[in-house]
Structures are given as structure tokens and as C-alpha cells.
Amino acid sequence: MPITYTSEEQIEVYRFSVPVTVGVPLLALFLQAFLPRRFPFLAYIDLPLLVTIFFAMARRNPISGLLTGAVIGLVQDSLGGHPIGLYGIAKTVVGFGASSLGVKLDVENAGARLLLTLGFYLVHGVVYFTVARGMVNMTLNWSWGWSVLAGLANAMLGVVLFWFLDKFKQRT
Amino acid sequence: MESILGRYRNLIILVGVLFLQVLGLAVQVKRSADAENTRLIRIWAVSAITPLERGLVWVQNGAGSLWHNYFYLRGVRAENRQLKEQIEQMRLEQVRLSEDAAQAHRLQALLAFKEQFVSKTVAAQVIGSSGSDSSRILYIDKGENDGLARDMAVVTADGIVGKVLQVFPSVSQVLLINDQSSGVGAILEKSRLQGVLKGTANGEVMLERLMSDEQVQTGETVLTSGGDQIFPKGLPVGTVAHVGGGKSLFLNVRIRPAANLSKLEEVLVVTEKQERQATAEDTVRMRAADILAQRLPSVPEKPATPEPNAALGNPAGAANATAPAGSGAAKPVTVPGPQLGIANKVQNPPATKPNGAGIPPTAKAPGASAATSIHEVGNTSTPGATVPGEPVKSRVSKPAASPASAAGTTGAPKTAAGTTPPRASEVSKPGASPASAPAGTTGTPKTAPGTKPPNASGTKPSGSQTKPPAMPNPAPTQPNPQPPANDDGPH
């Protein structure tokens, strides 16, 4: 199976029903806020990021992807105590990148999904770290080893989650 | 031009959206000092997410409660027995602690310290978190409707948790002490070194601003210093987990929080703190002659026959407290007996009661024995208790009521008249010190508000009186006919 597409005709663009479009991000945000309190290690999982990547890659529309990322990120910011926009900016970039890559790559493949999710997790971390340090003057520690490990955990969960969310896809 | 816009449309929109967010962020950073306004998006997000969390917590609690209260009752009987034993032990401990607390209050009054108490709390349940490891935030199920406001302290029985950051109608956001934007004034319990408690990026709690030449022991307890005006002084924060040399002049002191911040279920929000100036004027005014009079050995009074109703613990008898002889204005006063008994029980526990060595007794009028009989409960082993009840009365006598001062007193030294004895709850709970006990005395030698509440004899103990110096008691010891102490006390 080819990894890259050669023409626009090969691209399948999906859409989602309104309940899925609204409900899945909300559920991800809710679980992200609720689960780490019970299971602290789950704080390293970024469900809203996974949902952003999934919707962006499935829709294959950069504008739609960046807007999805922006909204999810801003809502995630609202639940925290820091200035609103840190996650918003990071997820906007990820949404745009994922949807742009979705046009060019076969993102239905589990291996590609794993690598893409790992990559976008790192991009997200770098953007968040840069903005938080540069604009908000937050003290954050960056560790490549830890970030790659957390990224791998997120990527593996992402593969499973994307497979589950594929069931909600509707062909345009 | 149009072709360029069309070609780079996606990129332009991306830059536009990013620019807007950066602009919004910059505005927020600039206005960070003005944290009074809650962004509308926060309200919307919290309104969308927290009902789900609240519902899930409710279902979870309901299921848990159903299981634990109706099905899983194994070992409850044994646990009940253990808890009863624990209550007995804690009662003893409470008596000891209340004596210590009373002493602390007296000293505070003596030094005219301002006292701060946690007078009202609201219990709340943790329903969620920020979901991000860079922002250590909790959501609790109480908000503005329950009387919560910004900057209220959030604690548990183990220690402090954080402060209220944002308040919504039915939900509040709590900033944990391990968040890097948090700051708490703290003090080390033994060395009394003060510092600022700050969170780190990885969720640790550090005590900052301690000079590197200071000695800090691992395991030392850290308390709140009260300097932040949010947490009342003296609340447990945690223990020193690690002490390391800092880069600069300061030590790196890592604190292990007393409260388990990652597994919080219920918390208490301090909605009301009480601050009052402990009045020390009466305590300070104690004359040297009075102090001497208490310390010198003296000849005890003739034993008096206690009134029968007093021996039975009749409140009416107990209430007939009168002024010491020599005052010339002894008035029988009515004091609610049970309250008095409870108050005295707490204030003067048998275990810590001084033996009254060398404290001169005052003359007493009929009825005083009844009052002191309440006071003397459990004092069977006190060698200084030569007369049933009487030595205690003299021991706890206010300086003005002692012989040394009574001789020169021309006015009417007040006894229990007009002095409302505090309830036991007022005495025992930290929010109400003896300093707050309504004095109500109007006579010249009035009851010092900063000291213990008056007993039935209308006198009060002072710091030096409660802990007399150890010296041989010349007074002949007589058996105390009072019954031994019990938890109920005479009524």
C-alpha cells in the first residue's frame, strides 16, 4: 500500500455528525480532567491532543483542522489556571499540521498513525514549552527522553483510539 | 493578489488564528495582576465540563456508599470497638491539649498578640482537575452560592491543600500548593525559620528563601506562618524531605506535603477566619505582691463542711459562689451549673492541676464550697488540697481576690457575678479561646479576658497561678471527700 498519494482523487475526506463533533472533544476534555485525579499517571496522556489529531487527519481540511485544534486547546486552557492560549496555540499548530499531512499521507495505516502521533506530540510539547517560557515566563523542564516516552504512550493509545473513532466516520 | 490569497489561504488563516491567540495571551499576561475578572470562556468551559464530573462523582459515591453501608459490613463491630477505645484515648489527649492551649492563650494575651482562628469551614468534594501536569488545579463542588470567595484557604485534616483561585456559582477552582504559581508563607516548627513554599514544574513543593547557613533537619515539620494572609498560622504543611545546597545563598528544601495532593477526595474551605487582639492588660497588671502571695507558703484555712447539695452536685448549690472574705461585697451569683462544671472540667483537668502548694487560701463564705466542689472533681490525689475545694479556689484566685490584694481592695471584687462562664465547646475548640470568653465583669478587679474563664468561685486562674512553682507544701493534707474525676463531671 502506498504511503503517499499521487493525486487528489485518491483522498477520502470524511465528515462527522454534530453529536460526534461536539461530544467526542467534550468527552476527551472531561476524561482528561477527571481521570488523572483517580489515576495520576494518566496526566501524561493528552486525550484532547489525540482527538485533535484524529479529526484533523480525517477531515483533511487545514482550516477545519486548525480551528478544531484552536477550540479544543482553548477549552483545555480554560480548565487550567494559566493564561488562556497556551494549549490553544499548540493545538492550532498541530491541527493544521495533521490535516495538511493527512492530504499527503495515508493516515489510515496504524504504523503511520503511530509515528504521526508521536511526532505531533513532540511538536505540541515544543510549541507549548516555547510559548509558556517565552510569553508567560513559566518555569518548565524539558526532557527529550521523557517526552519521547510520553509521546510513545500517547501514540499507542492513539492507534487504539483512532481505530475506535473510525467507526464514527461518514464519507462525504 | 487574489491568486496569492487563494494560494496561501490556509497559511494566512493559520497565521491569523495564531496571531489572535498570541495577542490574547499577551493581554492576559499584561493584566495578570488584575486577576479579578474571570474570562467568559472559563465560565463556559467549567459549565460544560463540571456537571459531567459532578454527576460521575455522585454516581460513584452512591455506588460506593451502597456497597459500604449495606453490603460490605464485615469487621464493623471490631472497628467500632477500636474506635471507642480511640475516643477514650483522645479524650485524655484533649484534656491535656486544652490545658496547653489555655496556657498558650494566656501567653498570647500577655504579649498582646493577635490571634487568628479558623472559625468557619465549608466541606467540599473534589470533582475534577485541570487535566494537565503543568497546571495543578482542582475543582470542588462548592462555589459562590455556598459562600466561597477567592483566596480562601483549602485544607484537609492532614494539612493545607491550596487556595481558591476562581469561584463559579456552584464550582470553585483550587490552586494546589505544588503549582508553580502558588506561594505560601511557612515556618519550620522547631527552628522557627521562615520561608516561602513554592511549587515546581514537576509538582514538588519547595521551601524557598532559607539561607544556606541555616541548619534544617530532614523530617522537621513545616507549618503555615500566617504571613500570606490566606492560611491561618500553625496549620500543618508537611515535613522536610530533602535539604540540599542551593545555587546561590539559599537552601533547596524539598517538602513532603502532609496532605496527599494527588488523592484528595474531600477538603475543607476556610470561609471565615477570626482575628482578635488578645487583651493583656489585666494579666499584665498583676502586681508583684500578688505573685509573691501566691508563691509563699501559708497556713491553710479551717476545713469547711461542704454543703450537702453541693456534694450532690446540685447546680443551685454550685451557683452560690461568693466573693472572697475581705471584699465586703460578697454576692451570691447564679451561674448555670452544668456549663460551669463542663468548663471547669476542660479548663482544669485533674491530671494537670497544680497541687496548690503554698498558695494562701482565701476566706470563704457559705456556698463557696459548693462551687469549689465542682472545681475540685478528681483532685483526690492532690496533696495540697487541704480543704475540699478551698485550696483550688485560692489557687485560681485572681490577684485582687487573694489576701494580699484583698486587704487593700476597697471596691467590690467581683466574683462570678456577671461573669458568664464559657461553654465547654468554646473552651475546647480552637476557634474560641478563653480570651474570647465574655468577661462581663464591671467591678474594679475584673476578670481578665485573656485568662481562663472564671470558675464557680468567681475567681480566675492566671498563668503563674496554674503552674505554681514546685515547693514543699506546708499545709496539712486532708482527705478530699470529692469523688474522683469522671468524664461527665458533676451537674
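This report describes chain A of a predicted model and the interface between chain B and chain A.

## Chain A

Chain A contains 6 helices and 2 strands. Along the sequence these elements run in the order β-α-α-α-α-α-α-β.

Of the 172 residues in chain A, 54% are buried.

## Helix α4 of chain A

Helix α4 of chain A covers residues 86–104.

## Interface between chain B and chain A

On the chain B side, 47 residues are in contact with 44 residues of chain A. About 3800 Å² is buried between chain B and chain A, and carbon and sulfur atoms give 66% of that area. There are 12 residue pairs in polar contact between chain B and chain A, counting pairs with both residues at pLDDT 80 or more, while the count of salt bridges is 0.

Four elements of chain B each give two or more residues to the side that touches chain A: α2 (9–30), α3 (40–71), β1 (114–129) and β2 (137–140). α2(B) gives the most, with 13 residues. Sorted by class, this side of chain B has 25 nonpolar, 15 polar and 7 charged residues.

Notes
Residues are numbered from 1 along each chain as its sequence is written. Chains are lettered from A and ligands numbered from 1 in the order in which they are written. This is a predicted model: local features need pLDDT of at least 70, side-chain atom pairs count only at pLDDT 80 or more; totals for chains, interfaces and linings use all residues. Side-chain values use heavy atoms; hydrogens and water are left out. Contact means heavy atoms within 4.5 Å. Buried area is the accessible area (1.4 Å probe) that two parts lose on being put together, summed over both. A salt bridge is a side-chain nitrogen of Lys or Arg within 4 Å of a carboxyl oxygen of Asp or Glu. A polar contact is a pair of N or O atoms within 3.5 Å; within protein, one must be able to donate a hydrogen and the other to accept it, and residues adjacent in sequence count only if both atoms are side-chain atoms. Ala, Val, Leu, Ile, Met, Phe, Trp, Tyr, Cys and Pro count as nonpolar, Asp, Glu, Lys and Arg as charged, and the others, Gly among them, as polar. The expected span of a helix is 1.5 Å times one less than its number of residues. Buried means under 20% relative accessible area, exposed over 50%, partly exposed in between (1.4 Å probe, protein chains only).
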